[in-house]
Amino acid sequence: MNTHPSLPETPNSPNLAIRVIKFGGSLLENPQSLELFRQWHASQAPAIDLVVIGGGVAVDQLRAWDKRYPFQPETVHYLAIEQMEFNARWLAKLMPDWKVLTIPSQSTEAHHCAFKNQLEIVFRANQSTKFLIDPLLWLANDTVLPRDWTVSSDSIAAHLARSIDANELVLLKSALPTEPKTRAEFCLGPWVDSAFAQVCDSVNTLRVVELTDPAFTELQFGPVTHSGIRS
C-alpha cells in the first residue's frame, strides 16, 4: 500500500498535471466525507483536478426499480447520469471553491487530442484548477461506453481520464478492497463495474484511496513498464 501522492509538485507550471478523481456515491451518505475529502485533497500534489461524483442512493433506488419495472437500458443509463449531474451541482453549493465543469460533447475517441485541448481552454477560462464534473452532455454523444448497468461512475471517470490523457485516476472509496496483487486483478474484480477494465487499461496511474481512513491508505497501480505490463 502507498500513502503518498505521486504527482510532481509543480504549482507554477503552465503544464500542470491532470488528475481525475472519482468520489464514490456511497461517500455522500457519510456526513464526514466532505471534510475528509478536503483533508485528503490538501495533502495532494498540485494538479488540475476533475472530480466525477457517483450517483449514490438515488441510483441504488433506480437500480431496484429497474429490476421490478424494467426500463430500456439506455434510458435508465441516462437517468443515472442525470443523478451524477445533480450531485455535482449540489456539492458545488457545499464546496464553493470548486466549480462545476460541463464537459463538451465528444462523439468519437479518435478526436481525444482536440477534446483535451478544448478542456484545457475551459480550465484557463475558468481560472481554476478544481472542478466538479457534469458529464451529461459529453456522454449523450459518447460511442465508447456501453449504455447500461455495466457502466458506473468508476468507468465514466476512467473513460474521462483516458480521453484527456490524465496523469492519474484516483478512486475514492468508503473501504479498500482485499488487496489485489496487480492492476488486472483489481480491474476485473468486484470492486468496480464490469466495463471498468475496458477503459482503465491505458490510464497511466491508478490509485484507490480509502477516504474514511484518517491515514488515507491507498493502493496504487501503474504506470506502464517498458515491457508494456502494468504493475
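**Salt bridges and sheet architecture**

Glu85 and Arg89 both belong to helix α3, where a spacing of 4 residues places them about one turn of the helix apart. In this predicted model, the two side chains form a salt bridge, with the closest N and O atoms 3.7 Å apart. Arg89 has a relative accessibility of 37% and is therefore classed as partly exposed, since the buried class ends under 20% and the exposed class begins over 50%.

Helix α3, which spans residues 73-94, packs on a sheet and touches β2 (48-53), β3 and β4. The direction of the helix makes about 150° with that of β4. The sheet itself is open and consists of 7 strands in the order β3-β4-β2-β1-β5-β6-β7, with mixed pairing. Its edges are formed by β3 (99-102) and β7 (218-221), each of which pairs on one side only. From one strand to the next, the twist averages 25°.

Across the whole structure, 11 salt bridges are found. One of them joins Asp154 to Lys22, with a separation of 2.7 Å between the closest N and O atoms. Asp154 is located in helix α6 (residues 153-163) and Lys22 in strand β1 (residues 18-23), so this pair ties together parts that are 132 residues apart in sequence. Both partners are buried: Asp154 has a relative accessible area of 3%, and Lys22 has a relative accessibility of 5%.

A further salt bridge connects the side chains of Arg207 and Glu218, at an N to O distance of 2.9 Å. Arg207 lies in strand β6 (residues 205-210) and Glu218 in strand β7, so the contact ties together parts separated by 11 residues in sequence. The relative accessible area is 1% for Arg207, which is accordingly buried, and 2% for Glu218, which is likewise buried. The strand that carries Glu218, β7, is one of the edge strands of the sheet. Arg207 and Glu218 also take part in a network of salt bridges that links them with Arg19, Asp49 and Glu168.

Definitions and conventions: Residues numbered from 1 in each chain as written. Predicted model: local features only at pLDDT ≥ 70, side-chain atom pairs only at ≥ 80, totals over all residues. Heavy atoms only, no water. Pairing = 2+ DSSP bridges. Helix = DSSP H or I, 4+ residues; strand = E, 2+ residues; numbered from the N terminus. Axes fitted to C-alpha atoms, helices over the stretch in contact; angles between N-to-C directions. Contact = heavy atoms within 4.5 Å. Salt bridge = Lys/Arg side-chain N within 4 Å of Asp/Glu carboxyl O. Buried < 20%, exposed > 50% of the residue type's maximum accessible area, 1.4 Å probe, protein only.
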